[in-house]
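Me: I have a model open and would like to talk through its side chains and packing. Can we start with the charged pairs?

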Amino acid sequence: LFEGLDHYGVMEGEPPPLRTLRVLTAYFELEASRGCIATPEPEVPARMLAGALFQYAAFEVMLRARNAPSLDAAVFIRQMVDTLLHGMRVKGGEHP
């Protein structure tokens with residue numbers, strides 16, 4: 001029944017959520033080392049990205065069950081990445 005599942009790391013080893021966090025953190029560390037992004041703690045944007053994607057997927061499942069309108073995935077991802085990389089500060093705006 002479970003033949004082949006170990007290929008995906010489901011049956012043993014690192015749990016998928018921790019593997020996702022590790023891989024995303026490594027990606028943000030690499031981008032920071034290349035000077036593409038500035039983040040003192042790469043695990044923070046890794047958690048932000050993973051959390052946003054999880055929340056989107058969970059809401060889609062819950063809303064679909066109630067036939068509620070949903071947000072287009074491409075729109076969500078584009079805006080989420082833009083917000084993660086550029087923030088929400090108004091261009092030329094002052095910090096309070």
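Me: What does R34 form a salt bridge with, and how far apart are the closest N and O atoms?

Reply: R34 pairs with E31, and the closest N and O atoms are 3.3 Å apart, where a salt bridge is a side-chain nitrogen of Lys or Arg within 4 Å of a carboxyl oxygen of Asp or Glu. This is a predicted model, in which local features need pLDDT of at least 70 and side-chain atom pairs count only at pLDDT 80 or more, while totals for chains, interfaces and linings use all residues. Residues are numbered from 1 along each chain as its sequence is written, and side-chain values use heavy atoms, with hydrogens and water left out.

Me: And is E31 buried or exposed?

Reply: E31 is buried, with a relative accessible area of 12%, whereas R34 is exposed at 55%; buried means under 20% relative accessible area, exposed over 50%, and partly exposed in between, with a 1.4 Å probe and protein chains only.

Me: How many salt bridges does the structure hold?

Reply: The structure holds 3. In one of them the side chains of R22 and E14 meet at 2.8 Å, N to O, with R22 partly exposed at 46% relative accessibility and E14 partly exposed at 29%. R47 also forms one with E43, the closest N and O atoms being 2.7 Å apart; here R47 is exposed at 52% and E43 is partly exposed at 27%.

Me: How are R47 and E43 placed in helix α2?

Reply: They are 4 residues apart in helix α2, and so are separated by about one helical turn. An α-helix has 3.6 residues a turn, so residues three or four places apart point the same way.

Me: Switching to α1, which of its residues are buried?

Reply: The buried residues of α1 are L21, L24, T25, F28 and E31. They cover an arc of only 125 degrees around the axis, which puts them on the same side of α1, the arc being that of the directions from the helix axis to the C-beta atoms.

Me: What covers them?

Reply: The cover includes α2 (43–65) and α3 (73–86). Helices are DSSP runs of H or I with at least four residues, and strands are runs of E with at least two, numbered from the N terminus.

Me: How far apart are the end C-alpha atoms of α1?

Reply: They are 25 Å apart, which agrees with the 26 Å that its 18 residues (16–33) should span at 1.5 Å a residue, since the expected span is 1.5 Å times one less than the number of residues. After α1 comes G35, whose phi is positive, near 80 degrees.

Me: Which residues make up the largest nonpolar core?

Reply: That core has 9 residues in all, namely L21, L24, F28, A46, L49, A52, Y56, F76 and M80; a nonpolar core is a set of buried Ala, Val, Leu, Ile, Met, Phe, Trp, Tyr and Cys residues joined through side-chain atoms within 4.5 Å. Each of α1, α2 and α3 supplies at least two residues of this core, and α2 gives the most, with 4.

Me: What is Y56 in contact with, beyond its neighbours within four places in sequence?

Reply: Leaving those neighbours aside, Y56 is in contact (heavy atoms within 4.5 Å) with L71, D72, A73 and F76. E60, found in helix α2, counts as buried at 10% relative accessibility.
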